[in-house]
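I opened my notebook to look up the pockets and cavities of one protein model.

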Amino acid sequence: MGAFSHPFRAFTAFRRAAYRQDPAPRRQFLPREFLGRLLEGAAARLPLLDAPDLPWALAEAVHDPAYLRRWQRGEVDRADERALGFPWTPAVVARARGSSGATLAATRDALRLGLGINLGGGTHHAWADHAEGFSFLNDVVISVRWLLDTGQAQRILVLDLDVHQGNGTARLLAGEPRALTVSVHAEHNYPFLKETSSLDVALPDGTDDAAYLQALETRVAPVVAAYSPDFVFYLAGADVLAGDQLGRLALSPAGVRERDRRVLRWAARSGRPTTLVMAGGYHRDPQTLVDVRLATLDTALAAFAPRGF
Ligand SMILES: [Zn+2]
């Protein structure tokens with residue numbers, strides 16, 4: 001680990017996902033070349049650690065145990081699979097468990113180092129008792145619940161800048177005063193029935209860099225500042241990019257970089273431990289998506305490295 005000038009590392013469930021047995025990456029438009037280039041680029045920037053398995057007991061603090069058992073055993077029907085977006089295989093369960101374990105490991109890093117990173121994660125459409133939108137386990141809410149239950153945080157911000165509304169997250173944390181859920185999303189995109197987050201910012205189709213960054217400054221920043229969180233989860237969705245296959249906004253790579261810079265600098269400068277998860281990204285061009293993902297990593301490292309904890 002001595003090769004890096006900072007203490008941070010990233011966790012990933014991608015390496016252990018058997019690409020052929022796991023239908024998820026292909027449905028999520030993550031061609032093998034994308035995953036290979038992402039892992040290679042990330043490994044040049046920080047140590048990559050394989051995701052540890054999430055203990056099922058922590059998942060049960062958020063999800064209905066009967067639901068978890070049904071999915072573990074593959075007792076799902078067509079409607080379940082349609083809602084999830086790909087067919088059930090044992091690898092689907094294993095990867096979700098690894099990805100949620102990666103978010104939890106990143107959260108432990110954040111407590112210790114200031115910044116923790118999961119190269120995947122952000123499956124924010126998972127509810128207590130049903131899966132949808134590529135999401136079987138709600139990794140971020142599982143880690144939020146763990147922080148609250150262990151008394152390690154009392155005011156947690158979930159800043160969800162994926163292009164899709166974090167409906168599962170909103171529902172799972174509704175009525176929890178120790179969490180603030182903020183979702184900035186495309187109004188006319190999936191999920192078409194929105195839930196109510198603490199703050200929802202719904203943007204029109206084709207929103208560009210300037211309008212997006214302005215919404216962040218004028219609508220999100222004041223609410224976040226007033227809440228004054230003691231821990232941050234940042235879902236840095238790349239599906240806000242123009243050219244994303246499942247997005248409806250029109251940010252440029254430079255716009256995403258500026259978005260990340262503002263969020264991560266604020267978190268680092270104000271000394272808030274931050275778990276960074278990548279959330280959605282389905283760009284037509286795999287190299288564009290790789291470049292944007294790596295830029296997010298660079299921005300996070302630049303924001304947190306000089307101060308450390
Ligand atoms: Zn998304």
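**Entry 1: sorting residues.** Ala, Val, Leu, Ile, Met, Phe, Trp, Tyr, Cys and Pro count as nonpolar. Asp, Glu, Lys and Arg count as charged, and the others, Gly among them, as polar. I also noted that this is a predicted model.

**Entry 2: the second largest pocket.** I read a volume of about 180 Å³ for the second largest pocket. Which residues line the second largest pocket? I listed Leu159, Leu216, Glu217, Val220, Ala221, Val224, Arg262, Val263 and Trp266. Helix 9 (209-227) and helix 10 (253-269) are the elements that give two or more residues to this lining. Helix 9 has the largest share, with five residues. Then I sorted the lining of the second largest pocket by class. I found seven nonpolar residues, two charged ones and no polar ones. Glu217 and Arg262 are in the lining list, and Glu and Arg belong to the charged class.

**Entry 3: the largest pocket.** Next I turned to the largest pocket. About 640 Å³ of space lies in it. The lining of the largest pocket has 46 residues, and the closest to the pocket's centre are Gln28, Thr123, Phe134, Gly280 and Tyr282. Which helices supply at least two residues each to this lining? I wrote down helix 2 (32-43), helix 5 (78-84), helix 6 (90-113) and helix 11 (286-304). Helix 6 supplies the largest share, five residues. How do the lining residues of the largest pocket divide by class? I got 20 nonpolar, 19 polar and seven charged.

**Entry 4: the cavity.** How many cavities of 30 Å³ or more does the structure hold? I found one. The largest cavity has a volume of about 30 Å³. Its lining is made up of Val158, Asp160, Gly166, Thr169, Thr181, Val182, Ser183 and Ser197. Strand 4 (156-160) and strand 5 (179-186) are the elements giving two or more residues to the cavity lining. Strand 5 gives the most, three residues. By class, I sorted the cavity lining into five polar residues, two nonpolar and one charged.

**Entry 5: looking back.** I put the linings side by side. The largest cavity has five polar residues in its lining, and the largest pocket has 19.

Definitions and conventions. Residues are numbered from 1 along each chain as its sequence is written. This is a predicted model: local features need pLDDT of at least 70, side-chain atom pairs count only at pLDDT 80 or more; totals for chains, interfaces and linings use all residues. Side-chain values use heavy atoms; hydrogens and water are left out. On a 1 Å grid over the protein atoms alone, a cavity is a set of points where a 1.4 Å probe fits but cannot get out, and a pocket is an open set with protein on both sides within 12 Å along at least five of seven lines; lining residues have an atom within 4 Å of a point. Grid points are joined across faces, edges and corners, and a volume is the space filled by probe spheres set on the points. Helices (H or I, at least four residues) and strands (E, at least two) are DSSP runs, numbered from the N terminus.
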